[in-house]
Amino acid sequence: MASVDSRTELNQAWWNERAGLHRQTRFYQKHIARLTRGGLSLLPLEVGELGDIRGLNVLHLQCHIGTDTLSLSRLGATVTGVDFSAVAIQEARQLSLDLGIPATFEQCEITSLKSRYAEAFDLVFTSHGVLSWLPDLKEWARQISGCLVPGGQFYLSESHPLVWALAEESPVQETSLSLEFPYLAQDQPGTFVDTGSYADRELPTQANETTQWSWSLGDVVNAFITAGMTINHLHEHAAGFYPVTPEFQEGADGHYRLPDPLDGRFPLTFTIRATQPCGVQGP
Ligand SMILES: C[S@@+](CC[C@H](N)C(=O)[O-])C[C@H]1O[C@@H](n2cnc3c(N)ncnc32)[C@H](O)[C@@H]1O
């Protein structure tokens with residue numbers, strides 16, 4: 001793997017530890033149970049927006065322990081999942097064996113993608129908690145563009161930046177939300193020290209410091225425009241994919257929503273589809 005800076009190394013240690021613990025958490029056990037029953041860990045809004053991916057060659061970025069990679073495989077794609085965490089890749093390979101769902105998993109850092117997978121994929125997919133770990137979104141979009149065949153597609157489903165801006169303590173009031181963290185990108189990233197993870201706040205973890213970046217919707221859109229790709233849609237959804245606070249309510253569809261009367265008034269997720277140009281760009 002190409003050398004990474006010290007902030008990325010710190011984040012890598014944080015992820016290696018959590019990747020080794022996540023499979024046993026209730027959060028991931030629910031995803032795995034859906035796969036075991038013949039279903040998908042992907043959420044209905046993502047399945048609907050992805051459409052028919054049968055026969056496509058798909059790259060899943062920041063695949064973590066592989067639950068969504070295996071879902072993409074179950075939808076009929078040939079999938080490669082990549083992640084910078086060696087532990088996540090081991091876990092994902094084991095899950096693929098245990099569930100009997102084929103996929104390839106390789107350790108790869110975002111900045112090494114296009115040298116490794118030049119024009120290799122019809123679709124690049126990434127989702128759920130991926131952007132805040134990236135120091136340079138324009139470079140991220142360039143790397144994605146470099147992995148796509150001409151006319152290839154990119155799809156992202158991610159927490160809305162409004163969610164990242166929510167206050168740490170009591171963000172959900174009865175009829176309003178309370179904000180604390182920046183919505184807009186800052187000159188310097190934030191440093192956080194947190195035990196556990198989104199999957200289980202009580203996990204007994206030792207590597208607890210991370211460096212993270214905030215990115216607005218505009219930053220994401222402009223990264224793809226700068227990379228020369230066309231944005232097909234940007235959708236904001238009232239449904240989320242994890243319980244940001246205990247007040248969030250889980251529906252039968254696996255989505256999490258704000259309690260009434262806040263449900264439907266604020267975005268929790270956004271999705272983007274972008275397309276790689278079909279031919280060589282003119283001068
Ligand atoms: C929140 S998890 C993604 C969750 C996943 N979509 C799921 O549903 O399980 C974020 C992942 O990004 C990976 N990651 C963070 N920074 C990375 C980088 N610079 N290059 C590659 N992977 C990275 C982490 O190892 C982690 O597995």
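Which residues are closest to the ligand? The legends below begin with the whole chain and then take up this shell and other sites.

**Figure 1. Overall view of the predicted protein.** This is a predicted model, in which local features need pLDDT of at least 70 and side-chain atom pairs count only at pLDDT 80 or more, while totals for chains, interfaces and linings use all residues. Residues are numbered from 1 along each chain as its sequence is written. The protein has nine helices and 11 strands; these are DSSP runs numbered from the N terminus, helices being H or I over at least four residues and strands being E over at least two. For 283 residues, a compact globule would have a radius of gyration near 19 Å, and the 18 Å of the protein agrees with this. The radius is taken over C-alpha atoms, and the globule rule is 2.2 Å times the number of residues to the power 0.38. Along the principal axes, the C-alpha atoms fill a box of roughly 55 × 45 × 40 Å. Of the 283 residues, 36% are buried. A residue is buried if 20 or more other C-beta atoms lie within 10 Å of its own, exposed if 12 or fewer, and partly exposed in between, with C-beta atoms placed from the backbone. Among contacts with a separation of 6 or more, 71% join residues 24 or more positions apart; a contact requires C-beta atoms, placed from the backbone, within 7 Å.

**Figure 2. The shell around the ligand.** The ligand is surrounded by 18 residues, of which W15, Q62, H64, F84 and G129 are the closest. Helix α1 gives the most, with three residues. By class, the shell has six nonpolar, nine polar and three charged residues. Here Ala, Val, Leu, Ile, Met, Phe, Trp, Tyr, Cys and Pro count as nonpolar, Asp, Glu, Lys and Arg as charged, and the others, Gly among them, as polar.

Figure 3. Most residues other than glycine have a negative phi. Q62 has a positive phi, near 50°, and is found in the loop between β1 (57–61) and α4. Q62 is buried because 22 other C-beta atoms lie within 10 Å. For H128, phi is also positive, near 60°. H128 lies in the loop between β4 (121–127) and α7 (137–147), and its 21 C-beta neighbours inside 10 Å make it count as buried.

**Figure 4. The open sheet of seven strands.** The strand order is β3-β2-β1-β4-β5-β11-β8, with mixed pairing; two strands pair if DSSP finds at least two bridges between them. At the edges stand β3 (104–107) and β8, each with a single partner strand, so one side of each has no neighbour in the sheet. Neighbouring strands are turned against each other by 15° on average, direction ignored. Strand β2 (78–83) pairs with β3 in the parallel sense over four bridges, and D83 has Q107 in β3 as its bridge partner.

**Figure 5. Helices lying across the sheet strands.** Helix α5 (86–99) lies across β2 and β3, running at about 170° to β3. Helix α9 (217–226) lies across β8 and β11 (269–275), running at about 160° to β8. Axes are lines fitted to C-alpha atoms, for helices over the stretch in contact, and angles run from 0 to 180 degrees between N-to-C directions.

Figure 6. Most peptide bonds are trans. A cis peptide bond joins D260 and P261, with omega of about 5°. P261 is located in the loop between β10 (256–257) and β11, and P259 is found in the loop between β10 and β11. P259 counts as exposed because it has 12 C-beta neighbours inside 10 Å. Not counting residues up to four places away in sequence, P259 touches E247 and Q249. P259 and Q173 are 86 residues apart in sequence, yet their C-alpha atoms are 9.7 Å apart.

**Figure 7. Surroundings of T245.** T245 is placed in the loop between β8 (230–237) and β9 (249–250). With 15 other C-beta atoms within 10 Å, T245 is partly exposed. T245 touches P171 and V172, leaving aside residues up to four places away in sequence. From T245 to L258, the C-alpha distance is 9.4 Å and the sequence separation is 13 residues.

How values were computed
Two residues are in contact if their C-beta atoms, placed from the backbone, lie within 7 Å. A residue is near a molecule or strand if its C-beta atom, placed from the backbone, lies within 6 Å of it.
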